[in-house]
Amino acid sequence: SVLSPVAQAYCGHQFGHFAGQLGDGRAITLGWLQTQTKEDQDWIRHCWQELQLKGAGPTPFKRSADGRAVLRSSIREFLCSEHLYSLGVPTTRAATLVVSDSTVVRDKLYTGDPRPERCAVVLRTAPSFIRMGTFQVCLGEDELTGRSGPSVGLDSSLLPKLVQHVTKNYMPNHYHEADVKASSTGMVEEAATRTAKLAALWQSIGWCHGVLNTDNLSILGLTIDYGPFGFVDWF
């Protein structure tokens, strides 16, 4: 079959303020692989793996960026996601890392000294890359920022489908075919529990996520988006 790559739109509360539409500016989903249904890392049940390229080029949500990723950040994501997985921390995973001959200009230390760097592409996997911010696409205009989601007015048609998709495929204990409200309540409770456990596991290994906003929070309670992050040196 012919692949139809997609990029996901989502919104985000960033550092206490609603930022409106964001989205995958350099992440492209190639498709999904069906696997055996199993219990994974104690509390995630799934039978799918989403395959996503990060750094392969611009998407409709790139804003002013170029859609590429540099080698150093790609190596960081590859190594850290696999390290956290080996420690039993729920996370997206890295399958491959391909280095490109092309370069982009980056200011590595934000000191006004931009230089060309090698590009790379990471193939990362997860049961789903749906985020908490995905559920904010229908939010109306924010009083403080004046920004809104891209799908204002579609709450009654879009959000129930999204809730039922997530619960049916990833939280089957909370899926109610004829009761979207019950599915929604169960999904929110499950997402909150998974995220709380995730944060506790981060603290147990001295790991800190640098941009913990709703656009960087997985609805499945996975560590996602390895941009700024760090380990506490003495812990």
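**View 1. The second largest pocket of the predicted model.** The second largest pocket has a volume of about 270 Å³, a volume being the space filled by probe spheres set on grid points joined across faces, edges and corners. Its lining comprises 14 residues, with V6, Q8, W32, E50 and I130 closest to the centre. A pocket is an open set of points on a 1 Å grid over the protein atoms alone, where a 1.4 Å probe fits, with protein on both sides within 12 Å along at least five of seven lines; lining residues have an atom within 4 Å of a point. This is a predicted model, in which local features need pLDDT of at least 70 and side-chain atom pairs pLDDT 80 or more, while totals for chains, interfaces and linings use all residues. Residues are numbered from 1 along each chain as its sequence is written, and side-chain values use heavy atoms, without hydrogens or water.

**View 2. The cysteines C119 and C208.** C119 is buried, at 0% relative accessibility, whereas C208 is partly exposed at 45%; buried means under 20% relative accessible area, exposed over 50% and partly exposed in between (1.4 Å probe, protein chains only). The closest cysteine sulfur to that of C208 belongs to C80, 11 Å away, which is too far for a bond. With a disulfide defined as a pair of cysteine sulfur atoms within 2.5 Å, the count is 0.

**View 3. The surroundings of T59.** T59 is buried, with a relative accessible area of 8%. Beyond its neighbours within four places in sequence, T59 is in contact (heavy atoms within 4.5 Å) with A7, D24, G25, R26, A27 and I28.
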